Amino acid sequence: MPDSEKSVKQDPIIQLIVFRLGEEEYGIRIEQVKEVTITPEIARMPKTPSFVKGIANLRGDIIAVIDLEERFRLRAAGQEMPAVSYTMAIEAKEYTIGIMVREVPQPLSIQQSVIEKAPEFIQDINIHDKYIEGIAKIEDRIIVVLDMLKLLTPSEIMQLQPKAESSGSGSRTKA
């Protein structure tokens, strides 16, 4: 009997930040979220995809703010973001982006074993973007767990990086 108890591994607890997109619940691991704030004033940027709302000044950092409802096509026709929305700052190695959401995101602690791998057909559809980490089923809730660091394609990341001045400065000095 003690042997079987030793072989049972401790199921790690993970913390998610849960938010709504359309009618669905989504979650991301808390370590990917730098902060949550009321959406600051956004300046529109030319030649960016429509789901990129623009750039904002978040505590001195200029970040791109994206609308995942629009990116994932989850918004009902004619529905707009409310006047007051919230932005989650997501920090990756090369960039920080803001994700706009309708309501205040909520923390949720769950056991890692609750997250099931996303069904194969979903992974096949999203062959270029493996940003769905899995599906968490908690009582009557279904939460799609996203890996925010895999959400944007490399070309989208290049479009959003405000660090373009370093590559442009070399060409300006030659002129």
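What is the mean pLDDT of the chain, and what percentage of its residues reach 70 or more? This is a predicted model, and its mean pLDDT is 80, with 81% of the residues of the chain reaching 70 or more. Among the elements of the chain, strand β9 (residues 106-111) has the highest mean pLDDT, 95, whereas helix α5 (residues 164-174) has the lowest, 38. Over residues 163-175 the pLDDT is below 50, and beyond near neighbours in sequence this stretch has two contacts in the model. Where pLDDT is low, the predicted coordinates should not be read in detail.

Six of them form an open sheet with mixed pairing, and their order is β3-β7-β8-β6-β5-β4. At the edges of this sheet lie β3 (33-38) and β4 (42-43), each of which pairs on one side only. Strand β4 runs antiparallel to strand β5 (residues 52-58), and two bridges join them; A43, for its part, has I55 in β5 as its bridge partner. Strands of a sheet pair through backbone hydrogen bonds, either parallel or antiparallel.

A search of the whole structure finds three aromatic pairs, and one of them is formed by F19 and Y26, which are stacked with 6.3 Å from centre to centre and 25° between the planes. F19 is buried, with a relative accessible area of 3%, and Y26 is buried as well, with a relative accessible area of 9%. Ring pairs link F19 and Y26 with F72 and Y131 into a cluster. Another ring, that of F51, has the charged end of R71 sitting over it, 5.0 Å from the ring's centre.

Key. Residues are numbered from 1 along each chain as its sequence is written. This is a predicted model: local features need pLDDT of at least 70, side-chain atom pairs count only at pLDDT 80 or more; totals for chains, interfaces and linings use all residues. Side-chain values use heavy atoms; hydrogens and water are left out. Rings of Phe, Tyr and Trp (its six-membered ring) pair if their centres lie within 6.5 Å; planes under 30 degrees apart count as stacked, over 60 as edge-to-face and the rest as tilted. Buried means under 20% relative accessible area, exposed over 50%, partly exposed in between (1.4 Å probe, protein chains only). A charge sits over a ring if NZ of Lys or CZ of Arg is within 6 Å of the ring centre and within 35 degrees of the ring normal. pLDDT is the predictor's confidence in each residue, from 0 to 100. Helices (H or I, at least four residues) and strands (E, at least two) are DSSP runs, numbered from the N terminus. Contact means heavy atoms within 4.5 Å. Two strands pair if DSSP finds at least two bridges between them.
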